[in-house]
Structure formats: C-alpha cells, structure tokens
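Please look over the sequence and the model before reading on.

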Amino acid sequence: MVKAGVQWGLFGGAIENLGTKRHHDKYVSPLIDLDLLGCFAMTETGHGSDVQALETTATFDPVTDEFVIHSPTASARKDYIGGAAQHAKVAAVFAQLVTNGESYGVHCFVVPIRDADGNDLPGVTTSDCGYKGGLPGVDNGRIVFDNVRVPRENLLNRYADVDADGTYVSDIESASRRFFTMVGTWYEDESRSADRPGPRPVSPCRSRRGTRCCAASSTHRAATTRCF
Ligand SMILES: Cc1cc2nc3c(=O)[nH]c(=O)nc-3n(C[C@H](O)[C@H](O)[C@H](O)COP(=O)(O)OP(=O)(O)OC[C@H]3O[C@@H](n4cnc5c(N)ncnc54)[C@H](O)[C@@H]3O)c2cc1C
C-alpha cells in the first residue's frame, strides 16, 4: 500500500501536477503500468519540514542545455526516500534551481538514478536506510548526486521554466508564492487554466533561507494522510 502510494501518489503526483504535456506523454503511462518505477526525493538529511532550505542544487548549463544536479554538502543527501534503496529507476528531485548565477528557489526535476539492471547511474550513489519498525516492506533510501546531468526538459515546468539561454520565466512573480504553489500544492489535482498568461522573466530568489512557509504542513499532510 505504501509502495503504491509512493509510486502513484508521490512520484506520479509530482509528474502529473508539476509537469506539462511533454512529461505526461513520456511518463504517465509507464508509471501507471509500473514499467517506470519512481520515487519522490524531497527530504534531505538536514532538511525535513523546512523544504525551502533544501540544499541540493540544479544548475543550468546553457552550453549543453542541461541541468547539473548536485548534493553540495552531507546534509544535502536525500534521505528516507521511499523506493530509493532498491526499486526506483527515476527520482522526482526537489532542488534549488540556479541559472545565470542566480538562485530561483526549489523546483522539481526528473532524474534517472538506476539502470535497467538496478545499478546506480554514474554520479548517483544510493544506500538503504535499513530496518524500520513500522514500514519494513518499504525500501526507504538515500541518494547523493555528484554533478549528474539531465536535459533541460527534465524540469517539471508547469509553474516556471528556463529558456535555452538560461533566462528564468514564470507567470508567478513572487518567489514565496511560486514556492508555495509548486511545493505546497504539488499533490493537488488542479486543472490548468486555458487562458493562463504566458510565463515571463522574473527576479531571482534572494531571501529563501530562514523563511518558513506552508510547505511544512503540506509535507506532513502528505506524510500522514497519503502515502509516506
Ligand atoms: C517512513 C517514512 C517515509 C518517508 N518517505 C519519504 C519520501 O518518500 N520522500 C521524501 O521526500 N520524504 C520522505 N520522508 C521524510 C518525511 O517527509 C519527513 O520526515 C518529514 O518531512 C519531516 O521532516 P523531519 O523528519 O526532518 O522532521 P522535522 O522537520 O525536523 O520536524 C520535527 C518535528 O518538528 C515539527 N515541526 C517542524 N517544523 C515545524 C514548524 N514550522 N512548526 C511547528 N512544528 C514544526 C514537526 O511536526 C515534527 O514533529 C519519509 C519519512 C518517513 C518516516
């Protein structure tokens, strides 16, 4: 039951609610059919409820048109991630988006972590959280990223995007409102507005640290009522 919640509720929910058509076309069918096993990599060793302070970085490289996913410190290690110890091939990774030298806060990226045989991909190191009293059937694990490159289109870009030249665009101007919309409501099954205005360049996030927001309670709602 919990494994199903991780696969369809957390991983699938991130793809569905934070992604756009290109992600839905590529991932929804295989993840429903269990041909693509995924995990939801938000929590870090040093950051649980305070999602806004996550340390994992996703730095855009315009030369290769890729994001570089990296765990810069020990406390940036993804931790207690359901499916990460053994079965997940792909992770929905929450990380600080950096482009043109500026940070724009937490965004979600699709990051392959294992090959078809279950081996960690280059730059990815997974490990097992070990035995748990309550959920021994769930392979909760840790993930460390060492400059792992993913294509620009792996950014789940429903609420914000990065152009090929590195320009950050979003139709949500406020950094805190953008964060709450993306992270605090990621699991809600909202329908897209047909007349949503096109995204536009916005200012970088300059004051994310130490600023708590409702992501704390939303994470706990997910933890207690859905599937963790
Ligand atoms: C079995 C299990 C499976 C999990 N699976 C996943 C997973 O698949 N993916 C994933 O990303 N994470 C997963 N997690 C991690 C889980 O989301 C975190 O444990 C959770 O976000 C809380 O973080 P924390 O444990 O660091 O606690 P902390 O954030 O340190 O909180 C500790 C205590 O302080 C309280 N607290 C924290 N902030 C505030 C505040 N602002 N105001 C009032 N009280 C506050 C909390 O309610 C809690 O009681 C899993 C955890 C468990 C136990």
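Helix α1 (residues 2-18) has a kink of about 35 degrees centred on G12. The bend at a residue is the angle between axes fitted to the seven residues ending there and the seven starting there. Helices (H or I, at least four residues) and strands (E, at least two) are DSSP runs, numbered from the N terminus. The model is a predicted one, in which local features need pLDDT of at least 70 and side-chain atom pairs count only at pLDDT 80 or more, while totals for chains, interfaces and linings use all residues. Residues are numbered from 1 along each chain as its sequence is written.

The buried residues of α1 are V6, Q7, L10, F11, G12, G13, A14, I15, E16 and L18. A residue is termed buried if 20 or more other C-beta atoms lie within 10 Å of its own, exposed if 12 or fewer, and partly exposed in between, with C-beta atoms placed from the backbone. L10, which lies in helix α1, is buried because 25 other C-beta atoms are within 10 Å. Although L10 and A41 are 31 residues apart along the chain, their C-alpha atoms are separated by 9.3 Å.

Helix α2 (residues 21-32) has 12 residues, which at 1.5 Å a residue should span 16 Å, and its end C-alpha atoms are 16 Å apart, in agreement. The expected span is 1.5 Å times one less than the number of residues in the helix. Just after α2, L34 takes a positive phi of about 65 degrees.

## The chain as a whole

The protein chain comprises 4 helices and 12 strands. Of its 228 residues, 42% are buried. Among contacts in the chain with a separation of 6 or more, 71% are between residues 24 or more positions apart. Two residues are in contact if their C-beta atoms, placed from the backbone, lie within 7 Å.

In strand β5 (residues 90-99), 10 of the 10 residues are buried. In β6, 8 of the 11 residues are buried. The pairings of β5 are set out below; two strands pair if DSSP finds at least two bridges between them.

| Partner of β5 | Sense | Bridges | Bridge partners |
|---|---|---|---|
| β6 (residues 102-112) | antiparallel | 9 bridges | F94 and C108 |

A92 also has a bridge partner in β6, namely V110. β5 and β6 form a hairpin with 2 residues between them, and N100 in the turn has a positive phi of about 50 degrees.

## The nonpolar core

Which residues have the most contacts inside the largest nonpolar core? They are F40, A41, A91, A92, V93, F94 and F109, in a core of 52 residues. Strand β5 gives the largest share of this core, 8 residues. A nonpolar core is a set of buried Ala, Val, Leu, Ile, Met, Phe, Trp, Tyr and Cys residues joined through C-beta atoms within 7 Å. In soluble globular proteins, nonpolar side chains tend to be buried together.

Leaving aside neighbours within four places in sequence, A91 is in contact with G38, C39, A41, A84, V111, I113 and I143.

## The sheet of β4, β8 and β7

An open sheet of 3 strands has the order β4-β8-β7, with antiparallel pairing. Its edge strands are β4 (78-82) and β7 (124-128), each of which pairs on one side only. From one strand to the next, the twist averages 35 degrees. Axes are lines fitted to C-alpha atoms, for helices over the stretch in contact, and angles run from 0 to 180 degrees between N-to-C directions. β4 is joined to strand β8 (residues 140-145) by 3 bridges, the two running antiparallel. Within this pair, K78 stands opposite I143 in β8.

V138 and I81 are 57 residues apart in sequence, yet 9.5 Å apart in space, C-alpha to C-alpha. Not counting residues up to four places away in sequence, V138 touches V2, K3 and G82.
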